[in-house]
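Take a look at the chain below.

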Amino acid sequence: MKKHTLPSIGLILAIVGLLLSITACNDIETTVSFNEEEKAAYALVIHGGAGTILKANMTPEQEAAYLKTLNEALDIGEEMLKNGSSSLDAIEKVILFMENSPLFNAGKGAVFNHAGKNELDASIMDGKTQNAGAVGGVQTVKNPILAARAVMEKSDHVLLTGAGADEFAKEQGLAVVTPDYFYTQRRWDALQKVLKKGNPTGQAASEEDDYKFGTVGAVALDADGNIAAGTSTGGMTNKRYNRVGDSPIIGAGTYANNNTCGISATGHGEFFIRYAVAYDISAMIEYKEISLKQAAKTVINKLKEKGGTGGVIGLDKYGNVAMPFNTAGMYRGYTKPGERKVAIYQQ
Ligand code: ASP
């Protein structure tokens with residue numbers, strides 16, 4: 001009996017050894033091809049929100065206005081990156097530009113909460129240092145992305161909320177406005193429509209209400225290989241009780257790590273928080289050594305299975321771009337040397 005057992009153990013060990021060497025080879029291969037990929041001189045990817053954005057519901061003029069503004073936002077960031085600006089400076093300017101456009105649900109044009117007020121959330125993250133800053137529920141800061149950056153650079157904290165965040169922004173000398181600055185008829189009408197339908201639970205409007213998200217976000221890779229990501233939003237129409245979404249939550253709506261990727265999300269924030277969407281994509285790249293495209297797609301598909309609508313934009317350390325979403329549309333675009341794309345609907 002003993003004689004028979006020994007060769008079998010030897011055989012098992014040999015098979016295990018062979019399997020281990022095959023796995024090791026795969027690891028080496030993956031790592032080598034990963035490192036050999038060429039880095040783009042710069043790359044920039046943006047979104048202007050995802051949701052029930054259907055061609056049938058858009059006039060040609062509206063469509064043209066969105067595409068034009070997305071292109072202008074890309075122009076601003078690309079010009080800066082080409083001239084050696086940091087990814088942080090570039091995304092800050094791009095988001096600021098989009099906040100100032102009434103087309104998007106961020107800054108001017110933000111959606112209204114249940115009380116008919118605008119409460120704004122924003123965040124920014126530096127992939128080099130992994131420092132981050134965010135504000136939640138501000139009501140008087142003209143450009144919340146600037147407040148998020150000030151939190152990152154001028155405070156010991158990551159997230160400031162409510163009146164305190166407004167006060168901090170003012171102390172930092174940022175532009176302050178009266179709440180009526182954020183008013184747009186279109187967003188006001190959207191709130192009235194939701195209120196008319198009656199929403200006793202105070203839940204944010206769902207896709208069935210033809211609710212269109214409209215958050216803005218940008219991610220950039222600069223000449224030094226630094227990645228930065230940022231997101232800014234008015235949140236969700238009819239939100240209540242000082243609700244804060246995913247946009248100012250680092251790891252949910254925004255994330256950046258020079259070794260993996262930068263991500264900005266848009267969609268039903270509660271799901272993005274619960275599934276730590278932005279960090280999950282980065283972690284998949286870090287631990288599983290899969291591509292950004294695969295990681296982002298996996299997470300957005302998983303989100304859909306769980307009932308969470310929305311999408312993300314992201315880029316990796318080489319400047320590869322991904323823009324997956326599980327809704328009818330997402331305002332989006334990217335630019336890098338020799339390449340530019342802007343789009344709205346599924347294609
Ligand atoms: N994610 C945002 C929030 O839940 C909404 C959006 O992306 O439009 O606050």
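Strand E11 (329–336) is mostly covered: eight of its eight residues are buried. A residue counts as buried if 20 or more other C-beta atoms lie within 10 Å of its own, as exposed if 12 or fewer do, and as partly exposed in between; the C-beta atoms are placed from the backbone. Strands (E, at least two residues) and helices (H or I, at least four) are DSSP runs, numbered from the N terminus. The model is predicted: local features need pLDDT of at least 70, side-chain atom pairs count only at pLDDT 80 or more, and totals for chains, interfaces and linings use all residues. Residues are numbered from 1 along each chain as its sequence is written.

Both faces of E11 are covered. Gly329, Tyr331, Gly333 and Thr335 are buried on one side. Met330, Arg332, Tyr334 and Lys336 are buried on the other.

Which strands pair with E11? One is E1, which pairs with E11 in the antiparallel sense over six bridges. Two strands pair if DSSP finds at least two bridges between them. Here valine 45 stands opposite tyrosine 334 in E11. Another partner is E12, which runs antiparallel to E11 and is joined to it by six bridges. Threonine 335 stands opposite arginine 340 in E12. E11 and E12 form a hairpin with two residues between the strands. In this hairpin, glycine 338 takes a positive phi near 80°.

Now turn to helix H2. It covers residues 60–82, which makes 23 residues. From first C-alpha to last, H2 reaches 32 Å, close to the expected 33 Å. That expected span is 1.5 Å times one less than the number of residues. The buried residues of H2 include Tyr66, Leu70, Ala73, Leu74 and Gly77. Spacing matters in such a list. An α-helix has 3.6 residues a turn, so residues three or four places apart point the same way. What covers the buried residues of H2? The cover includes strands E1, E5, E11 and E12, along with helix H3. After H2 comes glycine 84, whose phi is positive, near 90°.

Next, the core. A nonpolar core is a set of buried Ala, Val, Leu, Ile, Met, Phe, Trp, Tyr and Cys residues joined through C-beta atoms within 7 Å. The largest one has 92 residues. Among those with the most contacts inside it are Leu44, Val45, Ile91, Val219 and Ala220. H3 gives this core its largest share, eight residues. Look at alanine 220 up close. Leaving out residues up to four places away in sequence, it touches Ala43, Leu44, Gly77, Leu81, Ser87, Ala90, Ile91 and Ala228. Contact means that the C-beta atoms of two residues, placed from the backbone, lie within 7 Å.

H3 also meets helix H4 (residues 144–154). Their axes come within 8 Å and cross at roughly 145°. Axes are lines fitted to C-alpha atoms, for helices over the stretch in contact, and angles run from 0 to 180 degrees between N-to-C directions. Glu92, Ile95, Leu96 and Glu99 in H3 meet Pro144, Ile145, Leu146 and Arg149 in H4. These residues divide into five nonpolar, no polar and three charged. Ala, Val, Leu, Ile, Met, Phe, Trp, Tyr, Cys and Pro count as nonpolar, Asp, Glu, Lys and Arg as charged, and the others, Gly among them, as polar.

Why is H4 described as largely enclosed by the rest of the structure? Nine of its 11 residues are buried, so the rest of the structure largely encloses it. The cover over those buried residues includes H3, strands E2, E3, E4 and E6, and helix H5.

Strand E4 (residues 159–161) holds leucine 160. Leucine 160 is buried, with 24 other C-beta atoms within 10 Å. Beyond its neighbours within four places in sequence, leucine 160 is in contact with Val135, Val151, Ala165 and Phe168. Alanine 134 is 26 residues from leucine 160 in sequence, yet 6.4 Å away in space, C-alpha to C-alpha.

One more sheet remains to visit. Four strands form an open, antiparallel sheet in the order E7-E8-E9-E10. E7 and E10 stand at the edges, each with a single partner strand, so one side of each has no neighbour in the sheet. E8 and E9 pair over seven bridges. Helix H8 (residues 277–288) lies across E7, E8 and E9, at about 145° to E8. Helix H9 (residues 292–306) lies across E8, E9 and E10, at about 165° to E9.

Finally, step back. The chain has nine helices and 12 strands. Buried residues make up 50% of its 347 residues.
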